[in-house]
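Subject: Structure handover

Hello,

Here is the structure I said I would pass on. My notes on what was found in it follow below.

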Amino acid sequence: MPDHDQSQRRAVQISVNGVEHTADVEPRQLLVHYLRNTLGLTGTHWGCDTSQCGTCVAWLDEEPVKTCTVLTVMADGHRVRTVEGLAQGATLDPVQEGFMAEHGLQCGFCTPGMMMTARHLLDHNPDPDEATIREAISGQICRCTGYENIVRAVRHAAGHPSQPSGASAADRDSEGASTVAGEPSQEVPA
Amino acid sequence: MTTTEERPQNRVSPAGNPIGFGRMHRKEDARFLRGQGNYVDDVRMPGMLESAILRSPYAHARIRSIDTSAAAALPGVHAVITGETLAGLNLAWMPTLSADVQAVLATDKVRFQHQEVAYVVADSEYIARDALELR
């Protein structure tokens, strides 16, 4: 018999794209559902539910994770960065520019996870070769555009880095702190 | 004889998009790239409920009975629908594109593994999935 005792809920405090959020959540709630349903940040997609497709990838602190395989309570006290936190105001991240320039998306469903993984790769390896990119995105599945254009998109981003390396999520986090907490789909102000 | 195709270069529309050849920026990319798409799973309507499907663990088996009472009694569950429910409404079979019919939910027996057997509607998918496990 599943337990629905409301007292089982846990209070969590999670910084998402630089905005502090507090919530009482079920201990079993998946992080992807916290982002999508509790916060309304539906840019992170829920695909296979079995940790295979990678469309749910967001950053937990500085690491990309499959949020369908992370419990919300595991993110308590940590920072999460989602696709909504990739652009800086009106300025797209070079990875987003790359996906647009190289037609790295068609339906766009896998794109958030692809881009969050790509951003992490480029932060640690600013000039990855094709094999390195393919390995980096090997935990993600695209079912329409194909991987050629996605690899080109990441290469494009590597060749057009518009932000200084080291300007990581931490810098943007502090800038985004003024955004209204709980407001769905907020953009991080530039 | 060889003909060489002449491709016009640098032709742009008033909006600045290349005409005929070259790259077009798609209208939908701007929101897709920012996580602002609106996929079916992103849609939230007032009073909207969620659901889960019970599927057969067997490839070929007779359904003797389905006891839905425990699932229906779970707080947050709004409906438990079986093939029998649908048969009573004349909705157990649906037409296919090949002018055939297929079962919406299995009635007398299941004919393939993971065939749909019961459907639970609840406040959330978590509750609906809980209900599937109640025997």
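**Domains of chain A**

Chain A is divided into domain 1 (9-85) and domain 2 (94-159). Please keep in mind that this is a predicted model. Taken over C-alpha atoms, the centres of domain 1 and domain 2 of chain A are separated by 21 Å. Where they meet, 13 residues of domain 1 of chain A are in contact with eleven residues of domain 2 of chain A. On the side of domain 1 of chain A that touches domain 2 of chain A, the largest share, three residues, comes from E3(A). By class, that side of domain 1 has seven nonpolar, six polar and no charged residues.

**Strands E3 and E4 of chain A**

Strand E3 (residues 57-60) of chain A runs antiparallel to E4(A), and four bridges join the two. A:Val57 stands opposite A:Lys66 in E4(A). E3(A) and E4(A) form a hairpin with two residues between them. In the turn, A:Asp61 has a positive phi of about 55°. Strand E4 (residues 63-66) of chain A has A:Pro64 and A:Lys66 on its covered face, while A:Glu63 and A:Val65 are on the uncovered one.

**Contact between chains A and B**

The contact takes 20 residues from chain A and 14 residues from chain B. Helix H2 (94-101) and helix H3 (111-124) of chain A each supply at least two residues of the side of chain A that touches chain B. The largest share of that side, three residues, comes from H2(A). Its residues in chain A divide into ten nonpolar, nine polar and one charged.

Regards

Terms used:
Residues are numbered from 1 along each chain as its sequence is written. Chains are lettered from A and ligands numbered from 1 in the order in which they are written. This is a predicted model: local features need pLDDT of at least 70, side-chain atom pairs count only at pLDDT 80 or more; totals for chains, interfaces and linings use all residues. Two residues are in contact if their C-beta atoms, placed from the backbone, lie within 7 Å. Ala, Val, Leu, Ile, Met, Phe, Trp, Tyr, Cys and Pro count as nonpolar, Asp, Glu, Lys and Arg as charged, and the others, Gly among them, as polar. A residue is buried if 20 or more other C-beta atoms lie within 10 Å of its own, exposed if 12 or fewer, and partly exposed in between; C-beta atoms are placed from the backbone. Two strands pair if DSSP finds at least two bridges between them. Domain bounds come from an automatic or database domain assignment.
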